[in-house]
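Here is a short briefing to read alongside the model. Please keep the 3D view open as you go through the points.

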Amino acid sequence: MDTPKINSYKRRVSVVDKSHELINYFNNHMDKLKKMWDEIDMIEEMRVERTTTFYETMKDVIDFMVNEETTNYNEVFEDSRKFWQEVSETRTALGMDQYDIGNLRPNTIAYCKNLKKEIENLAIEREKLIEKQIETFNSVEVLCHKLSLPVSNMAQKGSLLNPERWNELQEEYSSLSNLFEKRKKEFLSARENIMKLKGYMKRLCSQRETTMLTIDVDGDNFVCSEEFLSEVKFVLEETQVEYDEWKRERITLYNDAVNQLRSLYEKCSVPDLNRLFPDDFIPDFVDDSSMDKIQDEIAEYDSKYQRFKELYDAYYNWSIAWNDHLQVEADLADPNVYKNRAGHIQQVLTLQKDADKRLKLYMKKLESLNDPTIKINGLTLYENALQIVEDNKKQKEIERQWKLEQKKENIKMEALYGTKSPRSLKKTPRHGTTLARQSLFDISGISTIVPVKGYGTDVRIFGPKTSSPKHLSGADRTPLKRDPFKTPKKTSSKTPGRTPIKTPSKKP
């Protein structure tokens, strides 16, 4: 296979070889000129002149080459320093380790070429970082405008920042962002409160307030300076003062209306479930329409009460008497009453006589005034009173049967063991349920029945709040405060309580 021809200018030769070749070339041509000059008999002066011109031309060429190479030499030193600095700064800014140059010696062409290639490799990441820094500069400038603060330190925008300056810029941006968000949040909160209070009062904002509060917080024109925020907070304080005064007036009007309605509710024996309005004024739930509804309710129940005044009054007074009756029963079931301290027993008996007298009186009135159109829980007022009395009798019978069952079990245990049996822990059966006899013993055959002391003392009081003297109750007991017409829940105590059967409440 033929070897390709290699041109002489492609051969690798040393600088010395080239120098010798150039000197030989120069000498050969000088000899050639000398022969030519000899043949034409050129005089010496002409030869000296031409040789001088030739030497000067050659000198100029050599000087030019030396100057060019000297410049190139200096540029290698400068590029070596500059390229290394750029590579180091870029890698530091990018968070990279120091560049490893290997075995290359500084201030050499190979050293510069290697660094230049690394610069080209880092160019993309460098530009990305510079763009990110420019964006941060722009964001800081925008935030300064929105916060009405002076803009500073923009001279380095567009150049690669060192890590320290880049961190400072990021911290500045974060601080301004937090400040803007804080002011923005305060403005939105103040605006929301102002609009809410204005809405409660149904008052329009002034032109100045409208301009201030309708600004787009996400728009470029929103400038939340300290002065602007202070002005908004001042408007909120003014609105709060107006609202407080308005609320005081509304509370007075509302309380007067609700108290009047509550009085009619009591007079008309309206169940709790049908009492629609809260006792306290709540702006979120009570508006002008609510006040209108309250007035409508007042008009409705006032009209109904006026038409059936005698009937409603009779039932109300009967309820008070029934409450006193239940309280007397509770007091008489308390052993402390019979100690007759300070004449307690006599006072209780006097109250019993008075309560029974009033019960008979108002029950007769209810019977004579009974109207089928006026009902509570589906029963007329007279029927409802009878039902309450009947439920109380049934409850007493359940208690009596339970006591008899307890007494039998105690007698049985005394017969078996010749001594009093252990006290039972069984709870009272409800609505006449009989305890299984075998359930009265545990696995050891020992009774767990406990005789009930103070039987019938846990009596729930229902009906309207009464004026019965509290000192008459056994052991200074206070009656349970509740609406007179809301059916009470059954007692959960171990001793059965006398409570009426609970039925769903309906509007009369």
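## Helix packing and local features

Helix 4 and helix 6 pass each other in a left-handed crossing (left-handed if the near helix is turned anticlockwise from the far one by less than a right angle, right-handed if clockwise). This is a predicted model, in which local features need pLDDT of at least 70, side-chain atom pairs count only at pLDDT 80 or more, and totals for chains, interfaces and linings use all residues. Residues are numbered from 1 along each chain as its sequence is written, and side-chain values use heavy atoms, with hydrogens and water left out.

**Helix 4 with helix 6**

- The axes of helix 4 (residues 163–201) and helix 6 (residues 226–267) come within 9 Å and cross at roughly 25°; axes are lines fitted to C-alpha atoms, for helices over the stretch in contact, and angles run from 0 to 180 degrees between N-to-C directions.
- Helix 4 and helix 6 are therefore roughly parallel (angles under 35 degrees count as roughly parallel, over 145 as roughly antiparallel, 65 to 115 as roughly perpendicular and the rest as oblique).
- On the helix 4 side, the contact includes Arg-183, Glu-186, Phe-187, Ala-190 and Ile-194, where contact means heavy atoms within 4.5 Å.
- On the helix 6 side, the residues in this contact include Phe-228, Leu-229, Val-232, Leu-236, Tyr-243 and Trp-246.
- Sorted by class, the contact of helix 4 with helix 6 has 13 nonpolar, 3 polar and 6 charged residues (Ala, Val, Leu, Ile, Met, Phe, Trp, Tyr, Cys and Pro count as nonpolar, Asp, Glu, Lys and Arg as charged, and the others, Gly among them, as polar).
- Glu-238 also belongs to helix 6, and Glu-238 is partly exposed, with a relative accessible area of 33% (buried means under 20% relative accessible area, exposed over 50%, partly exposed in between, with a 1.4 Å probe and protein chains only).
- Between Glu-238 and Ile-194 there are 9.3 Å in space, C-alpha to C-alpha, and 44 residues in sequence.

- Helix 7 (residues 288–307) and helix 8 have axes that come within 5 Å and cross at roughly 90°.
- Lys-304, Tyr-305, Gln-306 and Arg-307 of helix 7 meet Lys-309, Tyr-312 and Asp-313 of helix 8.
- By class, the helix 7 contact with helix 8 has 2 nonpolar, 1 polar and 4 charged residues.
- Helix 8 (residues 309–332) and helix 9 (residues 344–369) have axes that come within 8 Å and cross at roughly 150°.
- Helix 8 and helix 9 are therefore roughly antiparallel to each other, and their crossing is left-handed.
- The contact of helix 8 with helix 9 has 19 nonpolar, 3 polar and 6 charged residues by class.

**Loop residues**

- Asp-41 sits in the loop between helix 1 (15–39) and helix 2.
- Although Asp-41 is not a glycine, its phi is positive, at about 55°.
- With a relative accessible area of 63%, Asp-41 is exposed.
- Lys-202 lies in the loop between helix 4 and helix 5 (207–213), and its phi is near 55°, a positive value in a residue other than glycine.
- Lys-202 counts as exposed at 57% relative accessibility.
- Gly-95 is placed in the loop between helix 2 (44–93) and helix 3 (109–146), and counts as exposed at 67% relative accessibility.

**A residue of helix 3**

- Glu-135 is part of helix 3, and is exposed, with a relative accessible area of 52%.
- Glu-135 and Gly-158 are 9.8 Å apart in space, C-alpha to C-alpha, and 23 residues apart in sequence.

**The protein as a whole**

- The protein has 10 helices and 2 strands; helices (H or I, at least four residues) and strands (E, at least two) are DSSP runs, numbered from the N terminus.
- Along the sequence, the pattern reads α-α-α-α-α-α-α-α-α-β-β-α.
- Of the 508 residues in the protein, 35% are buried.
- Among contacts between residues at least 6 apart in sequence, 73% join residues at least 24 apart.
- The accessible surface comes to about 32,900 Å², with 53% of it belonging to carbon and sulfur atoms; the areas come from the Shrake-Rupley method with a 1.4 Å probe, and for residues only the protein chains shown count as cover.
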